Amino acid sequence: MFRILKKEELNPTVIKMVICADRVAKKAEPGQFIILRVDEEGERIPLTIADYDRDAGTVTIIFQKVGATTDALAAKNEGECIQDFVGPLGKPTETEGLKKVAVIGGGVGCAIAFPVAKKLHELGCCVHSVVGFRSKDLVILENDFDSVSDRFVRMSDDGSWGEKGLVTNALRTLIESGEQYDEVIAIGPVIMMKFVAALTKEFGIRTVVSMNPIMIDGTGMCGCCRLTVGGKTKFACVDGPDFDGHEVDFDEAMRRGAMYRDFEKKARDENCNLFKKEVGHNA
Amino acid sequence: MPNMSLKKHEMPSQSPDIRKSNYSEVALGYTEEIALDEAERCLNCKNMPCVSGCPVGIEIPRFIRKICEKDYEGAYGVISEASSLPAVCGRVCPQETQCESKCVRGIKGEPVGIGRLERFVADRHNETFTEHVTPPEKNGHRVAVIGSGPSGLTCAGDLAKKGYDVTVFEALHTPGGVLVYGIPEFRLPKSIVSREISSLKEMGVKIETNMVIGKVISIDELMESGFEAVFIGTGAGLPRFMGIPGENLCGVYSANEFLTRINLMKAYKDGSSTPIARSRSVAVVGGGNVAMDAARCAKRLGAENVYIVYRRSENELPARAEEVEHAKEEGIVFRLLTNPTEILSDEKGNVRGIKCVEMELGEPDSSGRRSPVVKQGSDFEIPLDCVIMAIGTSPNPLIKSTTEGLEVTKHGGIVTDGNGLTSRTAIYAGGDAVTGAATVILAMGAGKTAAKAIDEYIQQK
């Protein structure tokens, strides 16, 4: 059992939790992920590691409430425990030797982009962060990004935070203004990563994306998380989760990611109804 | 006076019509009366040919004698001397190619139902025996076992019996390996696996779940922390795909994924938090036991049409005859001498069918089986909404890539000598991680051999 030491609501649907997980904390690196089960009957879901503290033996996760399992996780309080928490899994993001990088974060993906930006900053790399949210009330980690970025560009779909527009608009402006990057690292919704990769391909800039497909075991045993990269099948859990953005078949990844959407919706509605009933009885 | 009937007693089973829509065990087990009558068929041969066919060397005639004497606990004792998992082996061992293939009674008629008798003894023990096992006195030596499948559990059990302080590290959240994630409930009830694991724990074996060795902690770190020897029993590894177009469409599963969702995650139960596609027409590609398990699970999930698509003929099917028979009884359709060439997509990226060619058998290949050759111009399609690839696995590189000096073959299997010793001192391996996909009992045999070698190594240190 793994205790929740801290819980914080970053915005109405995004939660941050600090979990006591000594062994995971000892080995964790940016870009790696964990797999958790909320309770004994729970499904296994992967979440990328948002931060870790080796001395304290803690791992931070940041997640969005998108379905029954993340709802159940969000319902847990400080001091309560999570059934299973295994990791660190996957390969760490390669950060060695980079001089100047644009880190692109979209929505809750910023939770994963931030530790990468932080690590690059600590290694002395020049970091330009371009992050986007739908609107101001969904913004997370603003100060964190600010503190590790040499340049920080804020974007929102509706213009309520920073500039109005997409992260790709901002990245194009930066590149066209003469900024030269060794690499672009994009982490966010698959559709965002697809368009970032399309843009950087135009300019021939190496681009790494962090994929987050459906997984079960996370050790390579089931093959559920497979993607097509450069025409070959890869397993995100052992070969990734980072891949060359110019090689990933994003459309396929989006279709596979939506495979259980109907099931998820039903499971979530049922949980909501149960919850309503319980509240009703207690009232 | 022995029972000279030429036929062995049939296994009482759930009828196909009923069982194809439930997950309860198909084979119900011998009653005491049947077991006694079957046991009398054993001639108690002096040279015991059957024992030579058993990978763990159970003294078969001796346990069967105990059944005749109605000393069932005594019979269990004989089996346990050699096997850590009697109730499991009585169910999933391919006895027809092992002990029973050597039985003298099989020369004229059917061999003694050794597997069924083993199961009877184990089940009887589990039902009636309530005393707790006293753990043997500890000898002060620590051994780490990686993986809690058949080879790991056997190795752990044998070492614990000798007094070793054994810790088993399991990557998943539940111990049991393939016995839990792979083999379905209707063939091996999970309550039996957890009972066998409980008895190992009673003997003092510690089991730590959520431990992906190579990631959470490396083998070298385990040894630095005081383990004097390590046994690697990490199983078969990554599922193979055919490399044909359409394998990443929605609705295509590896057998590992399909079975893990059902068996480990209980996706077949209403209200399960893990989803699985409920399909109308399913093709399982492959002809082994895993393919049969996947096909029979698909049927139980409610599919109307379930096909086994296999490129050779019935004679070459690697699955046990009993499994093939059960699958047929449950309405699984065998499309033999058929090879998929493409999985077809609908406009949304879901499976809509599979394109196949017909095959014919040519000359025998390196495995001795006649290799299939494509019949030109024989393309045809089968309409489907789900495809399950059950064509084997390739070794998981996780341990190899994090353990310096650990030699592997060109296929990725760990290299060992006859005792399970790897290229590294004090590191042993066995089971599918060494051989590639094989059977539960062969993995158990390897775990047993390695346990003996580990004991000798530590005692001589």
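Biologist: Which strand of chain A do four bridges join to β3 (residues 33–37)?
Modeller: Strands here are DSSP runs (E, at least two residues; helices are H or I, at least four), numbered from the N terminus, and two of them pair if DSSP finds at least two bridges between them. With four bridges, running antiparallel, the partner of β3(A) is β7(A). Before we go on: this is a predicted model, where local features need pLDDT of at least 70 and side-chain atom pairs count only at pLDDT 80 or more, while totals for chains, interfaces and linings use all residues. Residues are numbered from 1 along each chain as its sequence is written, chains are lettered from A and ligands numbered from 1 in the order written, and side-chain values use heavy atoms, leaving out hydrogens and water.

Biologist: Which residue forms a salt bridge with Asp84(A)?
Modeller: A salt bridge is a side-chain nitrogen of Lys or Arg within 4 Å of a carboxyl oxygen of Asp or Glu. Asp84(A) lies in β7 and its partner in β3 of chain A, so the pair ties together parts 47 residues apart in sequence. Asp84(A) is buried at 5% relative accessibility (buried is under 20%, exposed over 50%, partly exposed in between; 1.4 Å probe, protein chains only). With the closest N and O atoms 2.8 Å apart, the partner is Arg37(A).

Biologist: Over in chain B, is Lys461(B) buried or exposed?
Modeller: Lys461(B) forms a salt bridge with Glu228(B), closest N and O atoms 3.3 Å apart. Glu228(B) counts as buried at 18%. Lys461(B), at a relative accessible area of 59%, is exposed.

Biologist: How many disulfides are there over all chains?
Modeller: A disulfide is a pair of cysteine sulfur atoms within 2.5 Å. The sulfur of Cys222(A) has its nearest cysteine sulfur, that of Cys224(A), 4.8 Å away. For Cys237(A) the closest is in Cys225(A), at 3.7 Å, too far for a bond. Over all chains, the search finds zero.
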